[in-house]
Amino acid sequence: MSNILISLAAEFVGKKAFSDASKATTSLEKNVKKLGKTLGISLSTAAVVAYGRASVKAFAADEAAAQRLTTAVNNLGLSFANVQVSSFISDLEKSASVADDQLRPAFQALLTTTGSLTQSQNLLNLAIETSRGTGIELTTVAKDIGMAYVGNTRGLRKYNLGLTQAELKTASFADVQARLNAQFTGANAAYLDTTAGKLTAISLASDRLSESVGGALVDAFVAVSGSNGVGDLVNKIDILATKITSLGDNLEVFAYKVKVAFSFEGFFKGQEFIDQKVEEYRRKLQYQGALGFTPGNNSVTGYTKDDAARKKAEADAKKRAAELAKLAAQQVKAQKALTAEQKKQAMAKKQSALFDLDQIGLVAALKGNLSQEEQDRVKLQLALLTDNTQKQTDYPRR
Amino acid sequence: MPTELKGALALRKALKQFEPDLAKETTKQIGAFVKPVVKNARGFLPSNDEAPSGWLKRPNAGGRWATRYYDQAEARRGISFKTTPNKPNRNGFRSLVTMYNKGAAGAIYETAGRKSGITGNFTPKLGGSLKGKDQKSTGRALFRAYTEDEGKARGNVIKAIEAAAKKLNSRSTL
């Protein structure tokens, strides 16, 4: 009997799918070995198996790292932005040639502090430039910038921004940002222009390839690609990785298309019918999560709740930033007012002492020939006049 | 098609562990949203007088036909809902809130004719009307009630879960 049930809300746990994938990988490995033995090319089979294992390991490590960031994003109540964050990280990895395992913790630190996606993205770019310009670890730079965002500028001393300690203490975040921008903009581009930068770009591109399909064939790609320079090679590697990934996604749809095309109905009803069926199947796979379906933001459901949530999060972050700036400005104003008041008081006291005849008389008396007891009495009187509480208590004790 | 709620299972565990009163309140709220749909679904089941006479319980029936009969009371009991998570289905999804029609006769009444049409000697005599979005989610009782509800129950359930998450977060914030 079929199950008659309606599920109102569900969560993808993926256990079954992953165990199936694991079984399929094991089975494929066994079959490949068997095929190799049959054909007498066991050496190349071993290479294929090793390649498969390496790619699976790289994928697993990358997935774990991404999961940590996803959890952090979810905990901040920004779960709708997971797709946006991951695509930003992967784009930035390519454009700035910084490994995603450095970008993720840095971005996490900034996002936790600012609570704004846009602001975190801008600050991460600034952190990359600063990191390249100073040679300091990206994660450290991101943490320091994050601290400066909330008013703690102590960590910025090591970047030698040309500000005194007092200036650094009272500087607003906008000032700090402007200083960093002025000092380090273009540092990353300059680094990528060097041989070391180019080598980093190639290394990262091959890492990405390893994560998608395994890194064993990188050397072969360099030899056979016929690329014009490093940039061309990086692009070719990326295109290859994308194509292989999308091939895996579309394989299931292709198999279904073949099945429909050779069915009785497909044969007689024609291309339109086949296209319609394939489209229905594709949507079904999306609903099941097999084709990267994102319920929060996709063309199938037209669900656009994310946009409103993103705008709200941005507005909240902006409000918080404005509050912080206002607070910092108030602190500076209060500090200035206090200093001015203290100066004024000191000046008034000095001036009053100049024209205080009693005080003048007592000071003159002290210069005369007085016994110890008389000196103590005059000093006590002077202390009482000048409100020196310490001495007021000291002299009577003698 | 259910809406995917990421982290809902973890939320449920957290609620049960740290805020049992909130967990109970949420379950109660979800029940209040789902119950009207279930009640409507039960109302679509035909009475014993309206059902085909040959399908009713016969006291002397033996063997395999002893249990194959329609009884309105039994079919009504078969339609219900649960707010505990299911086992994952073959696609890896765990359902958090489920309405079901698990009685044999109820399931037959629900689904008869949805694939082959209202033809033959049995299906036309069942009456009722098949309602639903596509073949797999079409039926005379539960699916009909769900279709006529127009997603209100589902929307409210999701809102209740989201509200519980917000409350939990606000309570755990210092």
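This is a predicted model: local features need pLDDT of at least 70, side-chain atom pairs count only at pLDDT 80 or more; totals for chains, interfaces and linings use all residues.
Residues are numbered from 1 along each chain as its sequence is written, and chains are lettered from A and ligands numbered from 1 in the order in which they are written.

Chain B has six helices and five strands; helices (H or I, at least four residues) and strands (E, at least two) are DSSP runs, numbered from the N terminus. In sequence order the pattern of chain B is β-α-α-α-β-β-α-β-β-α-α. Of the 174 residues in chain B, 32% are buried. A residue is buried if 20 or more other C-beta atoms lie within 10 Å of its own, exposed if 12 or fewer, and partly exposed in between, with C-beta atoms placed from the backbone. Two residues are in contact if their C-beta atoms, placed from the backbone, lie within 7 Å. Among contacts in chain B between residues at least 6 apart in sequence, 66% join residues at least 24 apart.

The sheet is the place to start. Four strands form an open sheet in the order β1(B)-β1(A)-β3(B)-β2(B), with mixed pairing. β1 (3-4) and β2 of chain B are the edge strands, each with a single partner strand, so one side of each has no neighbour in the sheet. Two strands pair if DSSP finds at least two bridges between them. β1(A) and strand β3 (residues 93-101) of chain B run antiparallel and are joined by seven bridges. Within this pairing, A:S7 stands opposite B:T98, and A:A10 has B:S95 as its bridge partner. β2(B) and β3(B) also run antiparallel, with four bridges between them. Here B:S80 is the bridge partner of B:Y100, and B:K82 is that of B:T98.

How much of β3(B) is buried? Eight of its nine residues are, so to speak, mostly covered by the rest of the structure's definition of buried. In plain words, β3(B) is mostly covered, with eight of its nine residues buried. In a regular strand the side chains alternate between the two faces of the sheet. β2(B) has a covered face with B:I79 and B:F81, and an uncovered face with B:S80 and B:K82. α2(B) lies across β2 and β3 of chain B, and runs at about 165° to β2(B); axes are lines fitted to C-alpha atoms, for helices over the stretch in contact, and angles run from 0 to 180 degrees between N-to-C directions.

B:T3 counts as buried because it has 21 C-beta neighbours inside 10 Å. B:T3 and B:G155 are 152 residues apart along the chain, yet their C-alpha atoms are separated by 9.3 Å.

The contact between the chains takes 21 residues from chain A and 35 residues from chain B. On the side of chain A, the elements that give two or more residues are β1 (5-12), α1 (15-39) and α14 (271-288). β1(A) gives the most, with eight residues. The residues on this side of chain A divide into 12 nonpolar, six polar and three charged. Ala, Val, Leu, Ile, Met, Phe, Trp, Tyr, Cys and Pro count as nonpolar, Asp, Glu, Lys and Arg as charged, and the others, Gly among them, as polar.

A nonpolar core is a set of buried Ala, Val, Leu, Ile, Met, Phe, Trp, Tyr and Cys residues joined through C-beta atoms within 7 Å. The largest such core has 42 residues, of which A:A9, B:V34, B:M99, B:L142 and B:V157 touch the most other members. Elements of both chains give two or more residues to this core, including β1 of chain A and β3, α4 (104-111) and α6 (152-172) of chain B. Leaving aside neighbours within four places in sequence, B:L142 is in contact with A:I4, A:I6, B:A41, B:I79, B:M99, B:N101 and B:E110. Apart from this core lies another, of 33 residues, among them A:L78, A:V98, A:A109 and A:F184.

The buried residues are B:A105, B:G106, B:A107, B:Y109, B:E110 and B:T111. Their cover includes α3 (72-78), β2, β3, β5 (138-139) and α5 of chain B. After α4(B) comes B:G113, whose phi is positive, near 90°.
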